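Okay everyone, thanks for coming.

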Amino acid sequence: MAKFVAMALHEVRGHEKLRDRLAAVIAANRFPQVSLLIGPPGVGKQRLALWVAQTLLCEARAARGPCGRCSACRRVLDLSHPDVHWFIPIPRPKAPDPSKQIDEADSLLGEVIAARRLDPSYERPEGTASHSLASIRLLQRRVSLTPALASKKVVVLGDAERMVVQEASPEAANAMLKVLEEPPADTVIMLTASEPQALLPTIRSRVVSIRVNRLPDEIVQEFLEAIGVPASPARERRVLLAEGSIGRALSSGSGIDAAEVAADRFLAAVRGGPGKWALAALAQPPWAARGDFTALLDGLAVRLRSRVVEAPQQNRVKLRRYLAALRRVELTRWDAQGNLNPQLALAVLAQELRDLL
Ligand SMILES: [Zn+2]
């Protein structure tokens, strides 16, 4: 008898029409061998990719998605199916020897998967986590294996844009390109990305793009309900600010208050003019405590998003400026995953926000 651990992934929420379409394509045996799920962060792209994996491997072969009960379905759900390979950004391996780095990536990835098995309400990987060359080599290694249980293997590479941004050279992306050019016949590969423009055009041209939309607020609400967040005005606010992203609703539940306080302080400095914001920027530790820096940016994004929501719809000029400011913050947040100097970045950001707010 197979043994199943108690925890499994949360059920897929929303995206019903898309799931119907995907199930029909899978039932017709026409699911693309290499695809890219594109959509805003936290709307469930990787969860959806795992649902596709479940549908592809389900023993019941139903026309409308996975049965959820067969052993293949249950193994996918509790992240123990040996033919489903989920690649999540991880800290860069430190071993000097490249082949040891692959082993290190293997065990780091195993740890992340084990943690998600224990707590399926996981948050996004840290900003500095990436798909380094070692991760892609590991992927190549796994792609070359014969499937252990099923007739095919499914590879899910989440946050695919993190292949390029973190690399000084595009080696990881080029290694991935090789896999995408000639995937073994028994392998289905799904990438997910919220910033597809950060992927190499050569990669984008190899994949079939699948659009994943934001979720309706009711679905985000239902999710928070399901994980035991009690109904309250704070929960409603969380749903509103999540903008159809379960991931965002999850991350706004923890430690965001300190970040929002820091964000308010920063916005006050922006209003105060160059003298004030230079001090605020200098107060940011240069390289240490990068977590504080990214938390500040996340706090700023939350503040600006609520201004967008609260701005009178008829005041288009104001709305457009808030959106532009939000976009600037998001870009800085994106760059913050790389080798960005926080002091410099905040000084530049303050200048830009000053013109917009
Ligand atoms: Zn099944």
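Predicted model: local features only at pLDDT ≥ 70, side-chain atom pairs only at ≥ 80, totals over all residues.

**Helix packing and overall layout**

Residues are numbered from 1 along each chain as its sequence is written.

Back to that pair. Helix α5 is residues 133-143 and helix α6 is residues 171-181, and their axes come within 8 Å and cross at roughly 15°. Axes here are lines fitted to C-alpha atoms, for helices over the stretch in contact, and angles run from 0 to 180 degrees between N-to-C directions. So α5 and α6 are roughly parallel; the cut-offs are under 35 degrees for roughly parallel, over 145 for roughly antiparallel, 65 to 115 for roughly perpendicular, and oblique for the rest. Who makes the contact? On α5 we have Leu133, Ile136, Arg137, Leu139, Gln140 and Val143, and on α6 Glu171, Ala172, Ala175, Met176 and Val179. Contact means C-beta atoms, placed from the backbone, within 7 Å. By class that's 8 nonpolar, 1 polar and 2 charged, where Ala, Val, Leu, Ile, Met, Phe, Trp, Tyr, Cys and Pro are nonpolar, Asp, Glu, Lys and Arg are charged, and the others, Gly among them, are polar.

Next, α5 again, now with α4 (residues 98-118): the axes come within 8 Å and cross at roughly 85°. That angle is why α4 and α5 count as roughly perpendicular. The α4 side of the contact is Gln101, Ile102, Glu104, Ala105 and Asp106, and the α5 side is Ala134, Ser135, Arg137, Leu138 and Arg141.

Zooming out, the protein has 15 helices and 5 strands, taken as DSSP runs numbered from the N terminus (H or I, at least four residues; E, at least two). An automatic or database assignment sets the domain bounds: domain 1 is 16-211 and domain 2 is 255-356. Their centres, over C-alpha atoms, are 33 Å apart. And the C-alpha box along the principal axes is roughly 65 × 50 × 35 Å.

Technical notes
Contact = placed C-beta atoms within 7 Å.
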